[in-house]
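Work through the exercises below with the coordinates open. Each task is followed by a solution in steps.

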Amino acid sequence: MEEARKKVILSGIKPSGNLTLGSYLGAIKNWVDLADEYECYYMLADLHAITVRQNPAELRKRTLSQLAQYIACGLDPEKNTLFIQSHVPAHAQLGWVLDCYTMFGELSRMTQFKDKSAKNADNINAGLVTYPSLRAADILLYQADLVPVGEDQKQHVEITRDIAHRFNTLYGDVFTMPEPFIPKTGARIMSLQNPENKMSKSEEDNGGCILMMNKPEDIMRYFKRAVTDSETGRCVYYDKEKKPGVSNLMQIYASCTGKSFETIEAEFDGLGYGAFKTAVGEAVVETLRPIREKAEELLRDKAYLESIYRDGAARASRTAERTLAKVYRKVGFVQR
Ligand code: TYM
């Protein structure tokens, strides 16, 4: 009997900065367990990275390092298709077609465009505006059913659905309608210095952000300096509104140890913030240590990494080119 088609998952991370504890706990960690149940594609979204100016040598280095980290986190390249986005030309090709089925009004309403153009006022390039149609292409090329994204990125899946619906209405069922997939344990990790903001690559220098490849002594230093609050009693309990710093640290500790918030509250009852911050730092050090060591080992074996991304590109291309050929036929291009 023919096996039922596995549902398809696609996600990716831009190699525009080093991977953070947020990218791990909020995304990659949750991807690892999906491989048996789903057909999974994870890309290194380098085409997206250049909407903001990059140093070319660093971009290349970070892309390879990110691939090594994906594998070190437990993404088995046999079970998951791991690939570099620019190695699969169908992304840029479908991206252009979808640009012509995406409305300027829709693009200008995207919050990410508003944020990024405010931050990069001297480089508001067309790629920043049309980024969502390339992102739609990323997803639709693989006929993805599910897109694991953080809460903050739901709007991107919404616009992908709008574009797919518009295209399907004109040409029949070409694209699968993707759904956002927000994993149950997917945590939103906040900055250690500004716990109202998401932990992000842009805070590499101020101690607000932990990088996956940080050394243990740096991780401990950043956690010891983490912002908490001045509540009397210095009690460890979860209240995102009143105690964003402590709640974020609890979330990190819970994600790294698997402990519940109640267990954590009991564990640090009466101990104050100092002991708590040290324990969170140590839990993060032990979570990241094997990943960093494995990634460092993989990075010494360039031939192995090359074989992985070549194989990934070949596998991804096979699926992507099938969709692209169908799209080209539908819009009326003469077959080559
Ligand atoms: P990027 O690189 O901004 O973020 C990658 C993923 O990591 C999650 N993430 C976090 N989760 C929790 N807490 C944090 N502090 C944190 N920081 C990052 C994000 O929610 C995201 O899931 N546009 C995408 C890349 C992309 C893509 C796609 C994703 C391109 N095409 C198609 C899915 C489908 C991006 O900018 O990721």
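This is a predicted model: local features need pLDDT of at least 70, side-chain atom pairs count only at pLDDT 80 or more; totals for chains, interfaces and linings use all residues.

**Exercise 1. The ligand site**

Task: Find how many residues surround the ligand and which are the closest.

Solution: 
- The ligand is surrounded by 26 residues, and the closest are Lys-14, Tyr-131, Arg-135, Asp-138 and Ile-189.
- A polar side-chain atom of Lys-14 is placed 2.4 Å from an oxygen atom of the ligand.
- For Arg-135, a polar side-chain atom lies 2.6 Å from a nitrogen atom of the ligand.
- Ile-189 uses its backbone instead: an N or O atom there lies 2.7 Å from a nitrogen atom of the ligand.
- The ligand taken alone exposes 730 Å², and 95% of that is buried by the protein.
- Strand S1 (8–13), helix H1 (21–31) and helix H7 (126–140) are the elements that give two or more residues to the shell.
- Sorted by class, the shell holds 12 nonpolar, seven polar and seven charged residues.

**Exercise 2. The nonpolar cores**

Task: In the largest nonpolar core, identify which residues touch the most other members.

Solution: 
- The largest nonpolar core has 61 residues, and Ile-210, Phe-223, Ile-252 and Val-284 touch the most other members.
- H12 gives the most to this core, at 11 residues.
- Leaving out residues up to four places away in sequence, Val-284 touches Leu-21, Ile-210, Ile-219, Phe-223, Ile-252 and Cys-256.
- Another core, of 38 residues, lies apart from the largest one; Val-8, Met-110, Ala-313 and Val-327 are among its residues.
- In soluble globular proteins, nonpolar side chains tend to be buried together.

**Exercise 3. Arg-292**

Task: Decide whether Arg-292 is buried or exposed, and list what Arg-292 touches.

Solution: 
- Arg-292 is found in helix H12, residues 272–299.
- Its relative accessible area is 8%; buried means under 20%, so Arg-292 counts as buried.
- The side chain of Arg-292 reaches the backbone oxygen of Asn-214 at 3.5 Å.
- Beyond four places in sequence, Arg-292 touches Met-212, Met-213, Asn-214, Lys-215 and Pro-216.

**Exercise 4. Gln-66**

Task: Decide whether Gln-66 is buried or exposed, and state how far its C-alpha atom is from that of Gln-85.

Solution: 
- Gln-66 is found in helix H3, residues 56–72.
- With a relative accessible area of 1%, Gln-66 is buried.
- Gln-66 touches Ile-13, Lys-14, Pro-15, Leu-19 and Leu-44, residues up to four places away in sequence not being counted. Among these contacts, Lys-14 is also one of the closest residues to the ligand.
- The C-alpha atoms of Gln-66 and Gln-85 are separated by 13 Å, with the two residues 19 apart along the chain.

Conventions: Residues are numbered from 1 along each chain as its sequence is written. Side-chain values use heavy atoms; hydrogens and water are left out. Helices (H or I, at least four residues) and strands (E, at least two) are DSSP runs, numbered from the N terminus. Buried means under 20% relative accessible area, exposed over 50%, partly exposed in between (1.4 Å probe, protein chains only). A polar contact is a pair of N or O atoms within 3.5 Å; within protein, one must be able to donate a hydrogen and the other to accept it, and residues adjacent in sequence count only if both atoms are side-chain atoms. Contact means heavy atoms within 4.5 Å. A residue is near a molecule or strand if one of its heavy atoms lies within 4 Å of it. Accessible areas come from the Shrake-Rupley method with a 1.4 Å probe; for residues, only the protein chains shown count as cover. Ala, Val, Leu, Ile, Met, Phe, Trp, Tyr, Cys and Pro count as nonpolar, Asp, Glu, Lys and Arg as charged, and the others, Gly among them, as polar. A nonpolar core is a set of buried Ala, Val, Leu, Ile, Met, Phe, Trp, Tyr and Cys residues joined through side-chain atoms within 4.5 Å.
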